[in-house]
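Hi everyone, thanks for coming.

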Amino acid sequence: MNDLLHLPTLLVLFAATILMAGILLIRASIRKPASPVVKVLIAAALTGSAGSLIHGMRGSLPLWFETSVGLTLVNLGAGLFWLGVVLFHGRRAHFLYAILGAILWFAYSLVPAVQASVVLRSIAVSLVLGTYATLSGWEIKRAAADEPLPSRMIVASVNIARGLGWFMIIPLTFLLGPSYLPDGSHAGWFALLTLCMTLVGIVCLVGLLVLYKERDGRIFELASERDSLTNIRNRRSFVKRAQDLLSDTACQECLLLLDIDDFKTINDTHGHAAGDQVLMAVARLLQSKLSPQWNFARIGGEEFACLIPGQSLEHALATAEALRQSVEEMVTPFQGKALKVTTSIGIARRSNVDQWLDDLLAAADRGLYAAKDAGRNCVRLAPVVTVFSGDNGAMPSRQIASASA
């Protein structure tokens, strides 16, 4: 085993790989301003690389230097990697916690009894490295509900597995013997475990960078589905989600179509900045009154839509009336003025599984026009009447929406 797995070579290889990752991160940060996460990962890569290189030169350097300096840098690299993971998820972490393992190890390694005992050194290093790796995996895993990135659970599992691998040094030391023998050579099991930890360590660093890229992609995707002014869903996102909801034929859906009355007058009288303030205020108000499970979006200039799944028509009517009253009572301050608006709402109810979004929008639009014709600031229902063709099925059934005042 010792002939096949030369430990110093493995450590130098690991140092070179991590150093290369650090150099690539530095190059990327030169092209554009680096985030705190990237800066911390660069520091983790450089310190971990330097520590692994010093540890890999065991026998060529004084023992106190290899243990006190080399392993201190290795522990520091692990702590900084954990810090990078914490910062990546937007949580606060004291820098002291990231360097605490290195500080404790450095003080511990200066004790004469520790300098003379391979077992005591192995236990301490495995505890520090195992703790940081396990905490890194846990940080990645617990953010899955808030940010479900595709590779998150894989990266979390790899980090936790790396932590367990470091912890395994403790029982293996007592079962198979110390990692280093009295003649200075290394044990075969330790060389094999070091190879595994080297490969897994590289995967952990690459995995975090993969999560970084996946987050960028997710942010871009979310941005493409959000209205730039109000930050609620846009028409594209509304249609996509509505199709998913309507594909569930077991549900009965109601569609609310809301339009701000005389919105052009707001723009013409007070300017487009005032109109923007009104739109943002109305969007915030409506969103606060609607369930997060409902499909609510801005689908036009001053037009909003909400698809309500699994609710009765009576509930939809009550919801629409409550929204109308809330908008009527709302006051939007703008440059010392108090702007007030009202809204007209049209409602359509899905009565047939063959009825899709275009049919509902057309029906709700008729209801909206009926509300406008009735003097605005009111709610009108557009019932859907289903007309069936003959039994031969030459033509599919179609829906006709008629608005009732």
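A few ground rules before we start. This is a predicted model, in which local features need pLDDT of at least 70 and side-chain atom pairs count only at pLDDT 80 or more, while totals for chains, interfaces and linings use all residues. Residues are numbered from 1 along each chain as its sequence is written, and side-chain values use heavy atoms, with hydrogens and water left out.

How do we find a hole in a protein? Rolling a probe the size of a water molecule over the atoms shows where empty space is left. Here we use a 1 Å grid over the protein atoms alone, and a cavity is a set of points where a 1.4 Å probe fits but cannot get out. A pocket is an open set with protein on both sides within 12 Å along at least five of seven lines, and lining residues have an atom within 4 Å of a point. Grid points are joined across faces, edges and corners, and a volume is the space filled by probe spheres set on the points.

The largest cavity has a volume of about 590 Å³. It is lined by 37 residues, and F14, S52, V74, L129 and W166 are the closest to its centre. Helices here are DSSP runs of H or I with at least four residues, strands are runs of E with at least two, and both are numbered from the N terminus. Among the elements giving two or more residues to this lining are α1 (7-31), α6 (118-142) and α9 (188-224).

The second largest cavity has a volume of about 30 Å³. Its lining includes A78, L129 and R162, and α6 gives the most, with 4 residues.

Now for an open space: the second largest pocket, with a volume of about 180 Å³. Among the residues that line this pocket are R226, R233, R241, W294 and F296.

Last stop: T332, in strand β4 (residues 332-334). Is T332 buried or exposed? T332 counts as buried because its relative accessibility is 4%, and buried means under 20% (1.4 Å probe, protein chains only). Leaving aside neighbours within four places in sequence, T332 is in contact (heavy atoms within 4.5 Å) with residues including Q277, A281 and L339.

Definitions and conventions: Buried means under 20% relative accessible area, exposed over 50%, partly exposed in between (1.4 Å probe, protein chains only).
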